[in-house]
Amino acid sequence: MQAIARHRQLAADYRRAGDYAAEAAQWQILMLLAPNEPSFARELATARSAIAATAREQTQAGTTALYDGTLQMVLVDANR
């Protein structure tokens, strides 16, 4: 089916770009198009794990910046 191939390609493209939310959306579409394909559910779970990991990393980076003063410097520079 052409639609399945297209959405698989989009999911792969989004994964390479690091856009895990868009990737997850493609896997959700694929699950609707082919509900009996178990690999789509696994790929969706992988994308959701990547979203969670990225959120943890960004939160940690923000917290570190807040406590070491880097965030304050960034905010001050942005307001100049």
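Helix α1 (residues 2–17) packs against helix α2 at an angle of about 160°, and their axes sit 8 Å apart. The axes are lines fitted to C-alpha atoms, taken for helices over the stretch in contact, and angles run from 0 to 180 degrees between N-to-C directions. The model is a predicted one, in which local features need pLDDT of at least 70 and side-chain atom pairs count only at pLDDT 80 or more, while totals for chains, interfaces and linings use all residues. Residues are numbered from 1 along each chain as its sequence is written, and side-chain values use heavy atoms, with hydrogens and water left out.

On the α1 side, the contact is made by A3, I4, H7, R8, L10, A11, Y14 and R15; α2 brings Y20, A22, E23, Q26, W27, I29, L30 and L33. Contact means heavy atoms within 4.5 Å. Sorted by class, this contact has 11 nonpolar, two polar and three charged residues. For that sorting, Ala, Val, Leu, Ile, Met, Phe, Trp, Tyr, Cys and Pro count as nonpolar, Asp, Glu, Lys and Arg as charged, and the others, Gly among them, as polar.

A11 sits in helix α1 and, at 1% relative accessibility, counts as buried (under 20% relative accessible area; exposed is over 50% and partly exposed in between, using a 1.4 Å probe and protein chains only). Setting aside residues up to four places away in sequence, A11 touches E23, Q26 and W27.

D19 is partly exposed, at a relative accessible area of 35%. Its C-alpha atom is separated by 9.4 Å from that of A50, 31 residues apart along the chain.

Next up is the pairing of α2 with α3. The axes of helix α2 (residues 20–33) and helix α3 (residues 38–68) come within 9 Å and cross at roughly 160°, so α2 and α3 are roughly antiparallel to each other. This crossing, too, is left-handed. From α2, the contact involves Y20, A21, E23, A24, W27, Q28, L30 and M31, while α3 supplies F40, A41, E43, L44, A47, R48, A50, I51 and T54. By class, the contact of α2 with α3 has 12 nonpolar, two polar and three charged residues.

I51 belongs to helix α3 and is partly exposed, with a relative accessible area of 34%. Apart from its neighbours within four places in sequence, I51 is in contact with Y20, A21 and A24. The C-alpha atoms of I51 and A24 are separated by 8.9 Å, though the two residues are 27 apart along the chain.

The structure also holds one aromatic pair. The ring centres of W27 and F40 are 5.7 Å apart and the planes stand at 40°, so the pair is tilted. Rings of Phe, Tyr and Trp (its six-membered ring) pair if their centres lie within 6.5 Å, and planes under 30 degrees apart count as stacked, over 60 as edge-to-face and the rest as tilted. With W27 in helix α2 and F40 in helix α3, the pair ties together parts that are 13 residues apart in sequence. W27 and F40 are both buried.

As for the chain as a whole, it has four helices and zero strands, following the pattern α-α-α-α along the sequence. Of its 80 residues, 21% are buried. Among contacts between residues at least 6 apart in sequence, 36% join residues at least 24 apart.

How values were computed. Helices (H or I, at least four residues) and strands (E, at least two) are DSSP runs, numbered from the N terminus. Angles under 35 degrees count as roughly parallel, over 145 as roughly antiparallel, 65 to 115 as roughly perpendicular and the rest as oblique. A crossing is left-handed if the near helix is turned anticlockwise from the far one by less than a right angle, and right-handed if clockwise.
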